[in-house]
Amino acid sequence: PFMEMQRWKTHPTIKQFLEGGKRISYGARAVVKGGFNALPKLTFPGGCLIGDDAGFLNFSKIKGSHTAMKSGMLCGEAVFEAIAAGVAKGGDLAIARVLEGEDLFDKELTAYTDKYNNSWLKEELYSSRNFGPAMHKFGQWIGGAFNFIDQNIFKVPFTLHDLKQDFAVLKTVDASTFKPNYPKPDGKLTFDRLSSVFISNTVHEENQPAHLKLTDPSIPVNVNLPKWDEPAQRYCPAGVYEIMENDDGSKRFQINAANCVHCKTCDIKDPSQNITWVTPEGGGGPNYP
């Protein structure tokens with residue numbers, strides 16, 4: 001994705017708007033784009049899922065700030081009403097207990113789900129539910145035509161679904177026919193990964209254990225490299241993962257954890273599901289201006 005974006009910027013239509021500009025910051029984030037079809041259960045004992053954590057993105061518009069804010073507002077209303085109900089029954093405001101001594105927050109705040117189901121938020125996400133699956137099932141041209149009709153002419157009366165997880169559709173080296181030839185970064189319009197990471201102000205404590213965990217350290221070289229040419233080298237936007245050659249000619253998988261900008265793409269996209277992103281020590285990571 002990083003190199004594709006650099007190539008995209010060289011297209012004449014895009015280039016005319018970027019030429020003469022200055023790169024002032026850099027960051028990356030995996031987009032939670034499943035939308036309506038991928039929303040999880042929104043409540044659990046003692047808490048709720050809101051915003052991007054739940055996946056409230058309208059993928060057809062690639063907009064999610066307003067939907068994330070609305071989910072937070074709905075949750076806030078439900079929490080306030082639950083606390084108010086506890087106080088009305090004689091409970092303590094500080095701990096929201098009812099007279100029987102039962103903690104309201106030991107229960108699930110199902111009122112939040114009810115509010116979501118009766119809001120414009122659900123309607124908006126439902127209206128764009130087919131956008132991603134149509135592109136994945138039918139391809140760019142037919143899927144694009146389907147979405148144009150669905151979004152602008154009339155709503156289709158059925159729902160499409162993605163039946164495979166994102167990592168499971170990655171093409172193998174043998175099956176892929178796309179051989180990209182990316183231009184060398186010029187430092188003005190196109191850039192390399194490492195100089196981009198530098199201006200993300202990413203900082204991690206030097207002596208902490210790597211926060212990128214491998215379930216099986218042998219998989220990157222023994223499985224991913226021959227089958228997929230180890231895609232972590234390409235999907236990581238920060239140059240965290242590299243295939244290095246030892247003195248004896250053998251290969252090894254190197255993790256430059258200090259470069260990580262916390263996009264979490266590796267946790268999602270690794271075809272062997274061998275990488276787990278965990279929270280680093282000391283609140284380390286990118287520091288965007």
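Which residue's side chain does a polar contact of 3.0 Å join to that of H262? The partner is H204. A polar contact is a pair of N or O atoms within 3.5 Å; within protein, one must be able to donate a hydrogen and the other to accept it, and residues adjacent in sequence count only if both atoms are side-chain atoms.

The model is predicted: local features need pLDDT of at least 70, side-chain atom pairs count only at pLDDT 80 or more, and totals for chains, interfaces and linings use all residues. Residues are numbered from 1 along each chain as its sequence is written, and side-chain values use heavy atoms, without hydrogens or water.

H262 is buried, because its relative accessible area is 15% (buried means under 20%, with a 1.4 Å probe and protein chains only). Beyond neighbours within four places in sequence, H262 is in contact (heavy atoms within 4.5 Å) with residues including R29, H211 and W277.

A cavity is a set of points on a 1 Å grid over the protein atoms alone, where a 1.4 Å probe fits but cannot get out; lining residues have an atom within 4 Å of a point. The largest cavity holds about 70 Å³ of space, a volume being the space filled by probe spheres set on the points, which are joined across faces, edges and corners.

A pocket is an open set with protein on both sides within 12 Å along at least five of seven lines. Its lining counts 28 residues, with P1, L170, F178, Y182 and R234 nearest the centre.

Terms used. Buried means under 20% relative accessible area, exposed over 50%, partly exposed in between (1.4 Å probe, protein chains only).
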